[in-house]
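Open the model in your viewer and keep the selection panel at hand.

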Amino acid sequence: MDDFFLGLPDDQRHRVATLVGDSAPTTSPDGLLEDASPSHLPFGPAMFNLPQVQRVGLPSAGGIATARATVRLFDAYAAARRQDGAQLFTGDTLRRCRRPRPVGIDHTYGFGMPVGHGGLWHIAPGVSDDSPGGALTEGVLSHTGAGGTIAWTEPELGLSVAVLHNRMFFGPQAVAPFGAVADAVHAIAAVRG
């Protein structure tokens, strides 16, 4: 898939925007969260701007891509195929992605996660002013990125969206920075049919 990297080649580094903004809040140095995200590491722009971090491609937070490439990936989640027709996922893989994990506490994060068996979220948080809590919750597969980027697909609507930016923020914001995005995209999709 062109322009989507999990492990950025050195010859592509000039294309990457410099990240700015907040560092992640410090976590309690115990439990699985400490193992997954050690509190001594500066999860924020200082770390994610490092060439060696971009080169390694951290699982879950190391994808570097254009918005167009990210949408193509999420289109594949919706259709099990890439836009060129090549099979990317089996139907069984996508059914597992859409099947929620058992309800309960995620022992890494300490609270329930709205995640399917494939690691994709079943909500798209912070993207809709019209939805309760600002999240899309019906028929959605999404993934957030480091510091607040988000992409999602709504397979039944044939719709995939990516919101990529270089300002990192963590946790709920006083004003949802992308609150109107899904609402505007849905309005455009409704007009286009």
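A cavity here is a set of points on a 1 Å grid over the protein atoms alone where a 1.4 Å probe fits but cannot get out. Rolling a probe the size of a water molecule over the atoms shows where empty space is left. The largest cavity holds about 30 Å³; a volume is the space filled by probe spheres set on the points, with grid points joined across faces, edges and corners.

Before you select anything, note that this is a predicted model, in which local features need pLDDT of at least 70, side-chain atom pairs count only at pLDDT 80 or more, and totals for chains, interfaces and linings use all residues. Residues are numbered from 1 along each chain as its sequence is written, and side-chain values use heavy atoms, with hydrogens and water left out.

**Stop 1: the cavity lining.** Select Leu8, Pro9, Asp10, Arg13, Pro51, Gln54 and Arg55; they line the largest cavity. Lining residues have an atom within 4 Å of a point. Colour them by type and you get 3 nonpolar, 1 polar and 3 charged. Nonpolar covers Ala, Val, Leu, Ile, Met, Phe, Trp, Tyr, Cys and Pro; charged covers Asp, Glu, Lys and Arg; the others, Gly among them, are polar.

**Stop 2: the sheet.** Show the cartoon and find the open antiparallel sheet of 3 strands, ordered β4-β5-β6. Strands are DSSP runs of E, at least two residues, and helices are runs of H or I, at least four, numbered from the N terminus. β4 (141–144) and β6 (159–163) are the edge strands with a single partner strand each, so one side of each is left without a neighbour in the sheet. On average, neighbouring strands are turned by 5° against each other, direction ignored. Axes are lines fitted to C-alpha atoms, for helices over the stretch in contact, and angles run from 0 to 180 degrees between N-to-C directions.

**Stop 3: β5 and its partners.** Select residues 150–154. This strand, β5, pairs with β4 in the antiparallel sense over 4 bridges. Two strands pair if DSSP finds at least two bridges between them. Pick His143 and its bridge partner in β5, Ala151. On the other pairing, β5 and β6 share 5 bridges, again antiparallel. Here Glu154 has Leu159 as its bridge partner in β6. The two strands form a hairpin with 4 residues between them, and Gly158 in the turn has a positive phi of about 65°.

Show the side chains of β5. In a regular strand the side chains alternate between the two faces of the sheet. Ile150, Trp152 and Glu154 point one way, Ala151 and Thr153 the other, and all are buried. Buried means under 20% relative accessible area with a 1.4 Å probe, protein chains only. With 5 of its 5 residues buried, β5 is largely enclosed by the rest of the structure.

**Stop 4: the second largest pocket.** Select Phe4, Gly62, Gly63, Ile64 and Ala65, which lie nearest its centre among 40 lining residues. A pocket is an open set of points with protein on both sides within 12 Å along at least five of seven lines. This one has a volume of about 1000 Å³. Helix α4 gives the largest share of the lining, 4 residues. By type, the lining divides into 24 nonpolar, 13 polar and 3 charged.

**Last stop: the whole chain.** Zoom out to 6 helices and 7 strands. Of the 193 residues, 32% count as buried.

Methods:
Buried means under 20% relative accessible area, exposed over 50%, partly exposed in between (1.4 Å probe, protein chains only).
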